[in-house]
Amino acid sequence: MKLGAMKPQRRNRLLLILGLVGGLGLALMFVLKALNSNINLFYTPVQVIEGEAPIGARIRAGGMVEAGSIRRSDASLEVAFNVSDLAGAAFEIRYTGILPDLFREGQGVVATGRLSQDGVFFAEEILAKHDEKYMPPEVAMALDTTRQDSMQP
Amino acid sequence: MIVELGHFCVVIACLLAFLQVVLPSIGLKQNSLQLMASASSLAYGVFVFTLLGFLALIYAFLMDDFSVAYVASHSNTRLPLQFKVSALWSAHEGSFLLWTLVMSIWTMMVARFSAPLTTDMRARVLICLAALGFGFYLFLLLTSNPFERALPFFPAEGADLNPLLQDFGLIVHPPLLYMGYVGLSVPFAFAIASLWGNTLDVSWARWSRPWTNLAWAFLTMGITLGSWWAYYELGWGGWWFWDAVENASFVPWLIATALIHSLAATEKRGVFKSWTVLLAIFGFSFSLLGAFLVRSGVLTSVHAFAVDPERGAAILMFLVPVIGGSLLLYSARAWDLRSRVSFKRSGRESFILGNNVLLTVSAAVVLLGTLYPLGYEALTGGDKISIGPPYFNAVFVPLMLVLMALMILSHRSRWWATERSLLTAGQGVFSVIAGVAAIGLSVAMGPIKLWIVGVAWLAMMIVLNLGYELYRRVRLKSNPVRRLLSQPLAVYAMVLGHAGIAVTALGIVTTVMMSEEADLYMAPGDRAELGAFDVRFYGTKNVEGPNYVADRGRVEVLREGEVIATLYPEKRRYLASQSIMTEADIHVRSLGDIYVALGEPLENGAWAVRVHIKPLVRFIWFGGVLIALGGVLSIFDRRYRVPMLRSSKQGTLAPSVEAAHG
């Protein structure tokens, strides 16, 4: 049936529906594109040192801050520390700026940033928590998986 | 003993809520007016006993009764008095007690102000509210009892309230936010009751409106205060993070905003009936979903407080039947709700339709971004992701810009159809005035930015069109001033609300585009330049507070060689918990804030110092306050005051046509 042969009322309705579907589709495509380009995957220390984490992409990584690993520079706000999964796997995070109040040795942290060729993680943001008892779910998972792995013979 | 009595009172409140469901339901079945009316008197009983339970827990906090486990883990003898009270709602159990108290307050208010409703409609509304309340009480008593004793071995000293929460923000933010969250249950109950009784006429919309507006105003205020609190207390100067917990409150707000507009169209014109019912259902459903997301800790958040993963399942068990059941009822009843009213493309109905489409789509995209990490994890078998703020900005901002553009014209629109000349009169002149003002503002703020010019133009156009609408209402009258003062409050409510949006938008775009931020390494005597300002650091001194010790820094801010402010940011160590907290100091100027916070101490008295210049940041919250005021003002409109307080046993209220509302 040709468009021109339809009753004007029906034609209008059809055009409206087509327009709506088209607009929705376009909007959905745009939203999904925005969504996909802003996904930050989380990697555990094991994944980082085994090279599973992509180099140079914006990702998140984290674990427990290793005791005695915090090193500061003399006249700038550069700081470097290691995070581990408490089972031997650890990597270095470097960050320039002010760390959250609850950042300290033995605390779980999640950093957002990029991994460099030599395995150092350059953080743009260190997740701050409000509560000492709060454990970021990612870190809890990272510790859990290592615990389960180490239990297997 | 008092604590046990408090616990007992809440048990009684729970039983009364149960009776409040059962008795009026029997009344409906047997057509017994007396049993139906029991719903109202029971509402008072539920409120009184919940309040008694609440007061008992406050008493336990004030008396430092650390044999109560909840008090022991969230209070301390040295905690200042006002925080001992607000510590009650600082964590999961107590905040849920507050939630039930707020629920009982809303139910009681509905019982008090619904006398003119027909007895069966009133009973149905109260049954719905009581059923929700009963579910909340069960959840509280079975999974989250704040009255539990830690006997026989209880601590001599409490573990203290999280220092971040020892703040004015905790006193006001949760109660206001809960008034909003829980208040959305009232339009929900009205919608369900009308579906149930098959009485979805226009009076249903008229009855829902003031309640929805009030709940929405509370929600607006709660979110605004939360943003302000996060800004000054968290110590990194942000005011919105697109964080899961923030989104959990923002999605219901977006839906409720759509709802108050579509309710207006339904009441005035009888259009969008079934859509409005759906919004009422979704508004409260999302506020429940928000409670689940926040309390279960399934999402990573910077505001994770009242987290308890085990109880998430219990909330979900409550969530599924409430949402599922109401949608089922909706699908069974709403299909014959076809509105038989037409309107033209230029009518106000079209603008409200546009508003609703934009707001629900933006709620959907925010919800998508918030829940996506959960779905991703489930689909990929455990891969954790997060969705960055760029996603939310990319999808949300364009939608809001279109909404603002629509808002400009909407002020001129009339119901059913609007003459073209009415929409366009004077817009050319207004555009030029708004354009000049927008460019002027951007230049005054520094190098010119297209974003500021664009958003400021939209904001100015909104304000100018609001003014024009007021002018048009009085211009032909003999006494314009008196005529202006006698405009219905609803008109002023709309003016305040929409002007608030303009103010907030202006604040957001200016702060985002023009903020200067620096994390600096500063030894005593060091100076640094930031924007037009010079910042000097003079080291820190030890000071003592009531329950903390602190390093207090002295920072001078200079402009063109003159000291304009001396700021004293602190790094506090709270004695009971030994936790460290940043207390930023902020110098408020008319054109913006200067924000200084101490990072961590470095060698030789040097500190990491964070300095922010935040132009017009206060506009964001000032706009929020205006919006909330608009919501409050609207419920005092004569049209609602008269029927609500009339004690006559009149049946359904016929919608009256009022010329004043055009």
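## Sorting residues into classes

Ala, Val, Leu, Ile, Met, Phe, Trp, Tyr, Cys and Pro count as nonpolar, Asp, Glu, Lys and Arg as charged, and the others, Gly among them, as polar. This is a predicted model, in which local features need pLDDT of at least 70, side-chain atom pairs count only at pLDDT 80 or more, and totals for chains, interfaces and linings use all residues. Residues are numbered from 1 along each chain as its sequence is written, chains are lettered from A in the order in which they are written, and side-chain values use heavy atoms, without hydrogens and water.

## A cavity in chain B

Helices α5 (92-112), α6 (119-143), α11 (273-296) and α12 (309-333) of chain B each give two or more residues to the lining (helices are DSSP runs of H or I, at least four residues, and strands are runs of E, at least two). The lining holds 9 nonpolar residues, 1 polar and no charged.

## Where the chains meet

Now to the interface: 44 residues of chain B are in contact (heavy atoms within 4.5 Å) with 30 residues of chain A. Together the two chains bury about 3300 Å², 60% of it on carbon and sulfur atoms; buried area is the accessible area (1.4 Å probe) lost on being put together, summed over both parts.

There are 2 salt bridges between chain B and chain A, each a side-chain nitrogen of Lys or Arg within 4 Å of a carboxyl oxygen of Asp or Glu. One of them joins R72(A) and E600(B) at 2.8 Å, N to O.

## Salt bridges overall

Over all chains, the whole structure has 27 salt bridges. One links R473(B) with E469(B), whose closest N and O atoms are 3.2 Å apart. These two residues are about one helical turn apart because they lie 4 residues from each other in helix α17 (residues 450-474) of chain B.
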